[in-house]
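Good morning, and thank you for coming.

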Amino acid sequence: MCDQTFLVNVFGSCDKCFKQRALRPVFKKSQQLSYCSMCAEILEEERAKLHDVELHQVAERVEALGQFVMKTRRTLKGHGNKVLCMDWCKDKRRIVSSSQDGKVIVWDSFTTNKEHAVTMPCTWVMACAYAPSGCAIACGGLDNKCSVYPLTFDKNENMAAKKKSVAMHTNYLSACSFTNSDMQILTASGDGTCALWDVESGQLLQSFHGHGADVLCLDLAPSETGNTFVSGGCDKKAMVWDMRSGQCVQAFETHESDINSVRYYPSGDAFASGSDDATCRLYDLRADREVAIYSKESIIFGASSVDFSLSGRLLFAGYNDYTINVWDVLKGSRVSILFGHENRVSTLRVSPDGTAFCSGSWDHTLRVWA
Amino acid sequence: MDGHVHCFNYFASVNALQRLVEQLKLEAGVERIKVSQAAAELQQYCMQNACKDALLVGVPAGSNPFREPRSCALF
């Protein structure tokens with residue numbers, strides 16, 4: 001019976017220094033070589049040199065931010081229970097939100113009027129998204145599906161009648177997002193997978209396996225940077241995927257608890273995450289590591305939702321202690337705390353043109369801040 | 001019989017480990033840059049786009065639709 005497979009003690013000529021030593025496997029550019037322990041240590045040191053300085057050290061010379069005056073400018077009332085998710089329309093004005101009571105509402109955030117409302121056949125509608133055209137919305141939750149509803153202004157038409165079931169998972173839907181068009185939807189599920197679907201046919205185009213537990217969130221890379229997306233899950237991992245091949249191209253595991261929210265930095269070169277471990281972190285994709293942690297000893301409740309301001313300088317994060325903290329992304333310090341919600345902040349998105357951001361809460365309301 | 005079952009578990013876990021090693025090789029092959037360079041580029045992006053960021057610098061009064069009063073004030 002064979003018990004050792006990889007950690008075999010090989011004695012031979014080191015691939016680097018050619019001395020006769022006990023060898024161990026090392027990987028350089030996906031090629032396996034055999035190095036003696038001296039050369040392996042040197043390789044480790046060289047790799048550590050790539051991590052030469054922290055982000056906040058590089059940003060020391062940057063001017064500190066002044067006082068921020070951000071207030072609730074609109075309060076959207078109408079949900080009968082906890083608001084779980086929201087998304088902005090590309091017109092920078094309309095918002096879709098979903099709640100625990102199964103209702104999905106489309107609002108005009110300027111006037112606070114409700115433009116559409118539909119009741120889902122399930123409770124806990126954990127995910128909702130606006131189509132890029134503004135003509136449809138997608139939502140889902142405990143029904144394990146993602147359904148698309150075309151938005152119609154015809155008073156005689158029943159929105160629920162035109163519902164189209166697109167995605168089918170084997171556990172709850174935690175997040176969904178249209179890709180660059182109304183034709184494809186990306187979903188994340190409690191079944192541990194993400195999937196890409198064709199809206200018209202409902203066909204599964206690609207599935208993404210790799211998370212070891214429920215996937216809670218996803219975000220698509222800004223369109224200029226290509227076909228990737230990032231997902232975060234209960235396995236504490238954030239994974240970056242190639243949408244065409246289904247391969248995981250990078251994975252990050254530095255959080256100490258579930259990752260509730262992930263959001264790309266506006267340039268597409270980095271992404272932020274918010275977790276139940278009460279920290280938000282910034283990961284740079286090209287340095288392939290975490291480059292900043294946004295935390296304070298006084299913050300002990302999980303971060304449920306994060307988003308960047310337009311330039312990427314500010315990170316807004318909603319927490320389970322009912323507050324929203326505003327972080328200076330470069331310096332790593334908190335610049336503001338926003339109070340107002342009377343229960344957990346569950347969802348937060350900055351508007352497409354960066355003039356405001358909207359937060360949704362378990363207190364049944366949504367607030368638009370500017 | 002017993003040896004057969006052990007064999008099956010052994011191959012299953014070897015497969016899982018092989019897949020893990022393939023994945024790690026893939027990830028090890030990723031091109032990396034120094035944090036100092038990555039950080040400098042993140043900072044540069046912020047600086048270049050700061051002026052367009054309404055939540056950061058504010059916008060001239062009246063051009064943020066959310067800051068305008070909703071009701072029309074009559075003389």
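A word on conventions comes first. This is a predicted model, in which local features need pLDDT of at least 70 and side-chain atom pairs count only at pLDDT 80 or more, while totals for chains, interfaces and linings use all residues. Residues are numbered from 1 along each chain as its sequence is written, chains are lettered from A and ligands numbered from 1 in the order in which they are written, and side-chain values use heavy atoms, with hydrogens and water left out.

Let me begin with the rings. Rings of Phe, Tyr and Trp (for Trp, its six-membered ring) pair if their centres lie within 6.5 Å; planes under 30 degrees apart count as stacked, over 60 as edge-to-face and the rest as tilted. Over all chains, the search of the whole structure gives 14 aromatic pairs. A:Phe229 and A:Trp241 are stacked, because their ring centres are 6.3 Å apart and their planes stand at 20°. This pair links distant parts of the chain, with A:Phe229 in strand β18 and A:Trp241 in strand β19, 12 residues apart. Strands here are DSSP runs of E with at least two residues, and helices are runs of H or I with at least four, numbered from the N terminus. Both A:Phe229 and A:Trp241 are buried, where buried means under 20% relative accessible area, exposed over 50%, and partly exposed in between, with a 1.4 Å probe and protein chains only.

A:Phe271 and A:Tyr283 are also stacked, at 5.1 Å centre to centre and 25° between the planes. A:Phe271 belongs to strand β22 and A:Tyr283 to strand β23, so the pair ties together parts 12 residues apart in sequence. The relative accessibility of A:Phe271 is 0%, and A:Tyr283 is buried with a value of 0%.

Which charged residues sit over A:Trp362? The charged end of A:Lys82 is 5.0 Å from the ring centre, and A:Arg344 lies over the face at 4.4 Å. The criterion is NZ of Lys or CZ of Arg within 6 Å of the ring centre and within 35 degrees of the ring normal.

I turn to salt bridges, defined as a side-chain nitrogen of Lys or Arg within 4 Å of a carboxyl oxygen of Asp or Glu. The whole structure has 15 of them over all chains. In one, A:Asp307 meets A:Arg349, with the closest N and O atoms 3.9 Å apart. A:Asp307 is in strand β25 and A:Arg349 in strand β29, 42 residues apart. A:Asp307 counts as buried at 8% relative accessibility, whereas A:Arg349 is partly exposed at 23%. Both belong to a network of salt bridges that also includes A:Asp87, A:Asp219 and A:Arg263.

Residues 305-337 are 0% helix and 58% strand, and residues 338-370 are 0% helix and 52% strand.

Finally, chain B contains 3 helices and 0 strands. Of its 75 residues, 23% count as buried.
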